[in-house]
Amino acid sequence: MRRFDFVVLGGGVSALGFAKRISEHGRSVLVLEKETVVGGLSRTLYHQGFYLDFCAHRFHTNNRELLAEIRALPGLEMTRHVKKSRIYMFGKYLKYPFELQNLFRAMPLADSLLAGLSFGWNLLTRKFRRPRLVSYRDWFVHLYGRRLYETMCRPYTSKIWHSDPAEISADWAEQRFQGENLKRLLKRVIRKLLTLDFSNYDLEDDSLAPDGGPFYYPQRGIQELPDALAGAAARHGAAIETGVTIVHVSVEQRTVTFDRMGVRETVGFGHLISTIPLHAFYALQDRRSPEIEQALAGLKYMDIIFVYVFLGRAQLSNDHWLYFPDPDIVFNRAVEFSNWSPEMCPPGKTSVCFDLTVFADDDRDQLWLAPDDALANRVLDDAERVGYLYRSDVIGTHVFRVRQAYPYYDLNYKIKLDTVVRFLESENVSLLGRTGVFQYNNSDNSIEMGFLLADRFLAGEQRRSIYQAKVKAISY
């Protein structure tokens, strides 16, 4: 039996970050990935000459040390971009993140005046309030007021998560937005309103929103990032095996059994790291608990459908992203890959990824089970109706579905998650990564989580978990 200091379930960027850091210090590690390539959600498909990411996967971080380490990875070349995006509202393509004065100008006059008054009153009275911010609605109303909540937040959030923001935990907002930067953003909004400054974003303004600012991106898709992490780990002796089906985990015996290329193997571990979905990991190990199964039943991940459209023209727009909060439009976002790197598409052609979020197990619209051509036609109809593209330019489509892409935070998720984590983590088992600890984060956060966990082992710390410390320890 092969034995390793660490066996890691799943080959996403958090797992690869852990493998890189721990192997650099002479520890043995085996990474087991079910797909034929590593990367998890940070993967790139190749289809008929086009490189296709899972919608938008850029690398951006405020951690300078992390950025330097990633950019120094052998074989990885990333170009710096400044994100440009717009949102389709009121029949117009507005800048996004919002400049409130531009939003007010686009809104119907009565709505604009009421929203402006609501925002100003909310700003004046906010410091005197001590609200209990339980839901995403509470959080957004506290910062921006009820009128802007109805315009800026409720439509898009409800569409993405298929839920009222009042039913989504405020933790989602806390993890996606930076409180200190929002204060600076609000001050600049007020200054621009008072000085009647309706100019375009400058880069400093753009960097204040969670989806804005500079980012780095490889030449041929985000896949080059996990490939570079895997290469760095392998050069220090890490074993990375893909195309694996994990059959069983014995925490007591410290073994993992898996099938690969028709051969079954059992390996031993000193410590197990799981980055796979919580439900999948629970099913693989042999301990059972009705309480844990009840808690798991209340935790769910959102699934996603990507509809790729190929066009016989060089460019549709110069945006990296476009957002579509209108519930009558089937897709949430559009990402045009030729704007990320010209090498993503053949010369003279471009491609767009439209994403549709669903809960596959209870999707009322049955989008998950819809035929690919029906999905593609519905996307094309909506995209043409809003003036984004013309069907005459379309030369092909491709549909790809991904299960368990985003953890869903209902109002009581934390209680259920705490119960599950306490059961699954032990002296010899740690959870890690977006799906492994049910943490909505970006690729840089996931890599940093992997580094952090490895550093705790290397320092000999007794607490071998990043679950409770993840928010304070990770740079957002």
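How far apart should the ends of helix α14 be, at 1.5 Å a residue? I began my notebook with that, keeping in mind that this is a predicted model.

**Entry: helix α14**

I looked up α14 and found that it covers residues 413–424.

Next I asked how many residues of α14 are buried. The count is nine of 12, and the helix is mostly covered. I wrote down the buried ones: Y413, K416, L417, D418, T419, V420, V421, F423 and L424.

**Entry: the seven-stranded sheet**

I followed an open sheet of seven strands and noted the order β7-β6-β14-β15-β16-β13-β17, with mixed pairing. Its edge strands are β7 (92–95) and β17 (394–407), each of which pairs on one side only. From one strand to the next, the twist averages 25°.

I took a closer look at β13, residues 301–311. This strand runs antiparallel to β17, and 10 bridges join the two.

Which helix lies across β13, β16 and β17? I found helix α13 there, residues 372–385, running at about 105° to β17.

**Entry: around strand β2**

My next stop was β2, residues 29–32. As a reminder to myself, side chains in a regular strand alternate between the two faces of the sheet. Here V29 and V31 point one way, L30 and L32 point the other way, and all are buried.

Strand β1 (residues 3–9) pairs with β2 in the parallel sense over four bridges, and L9 has L32 as its bridge partner. Strand β9 (residues 239–241) also runs parallel to β2, joined by three bridges. There I found A239 as the bridge partner of L30.

**Entry: two positive phi values**

Most residues other than glycine have a negative phi, so I went looking for exceptions. C55 has a positive phi of about 60° although it is not a glycine. I found C55 in the loop between β4 (50–53) and α2 (64–71). Is C55 buried or exposed? It counts as buried, because its relative accessibility is 1% and the cut-off is under 20%.

H162 was my other find, with a positive phi near 55°. This residue lies in the loop between α6 (146–161) and α7 (170–176). H162 has a relative accessible area of 39%, so I put it down as partly exposed.

**Entry: D286 and its contacts**

I ended with D286, in the loop between α11 (278–284) and α12 (290–297). Its relative accessibility is 44%, which means that D286 counts as partly exposed. Which residues does D286 touch, not counting those up to four places away in sequence? I listed H248, V249 and S250. I also checked V251: D286 and V251 are 35 residues apart in sequence, and their C-alpha atoms are 7.9 Å apart in space.

Terms used. Residues numbered from 1 in each chain as written. Predicted model: local features only at pLDDT ≥ 70, side-chain atom pairs only at ≥ 80, totals over all residues. Heavy atoms only, no water. Expected span 1.5 Å × (residues − 1). Buried < 20%, exposed > 50% of the residue type's maximum accessible area, 1.4 Å probe, protein only. Contact = heavy atoms within 4.5 Å. Pairing = 2+ DSSP bridges. Axes fitted to C-alpha atoms, helices over the stretch in contact; angles between N-to-C directions.
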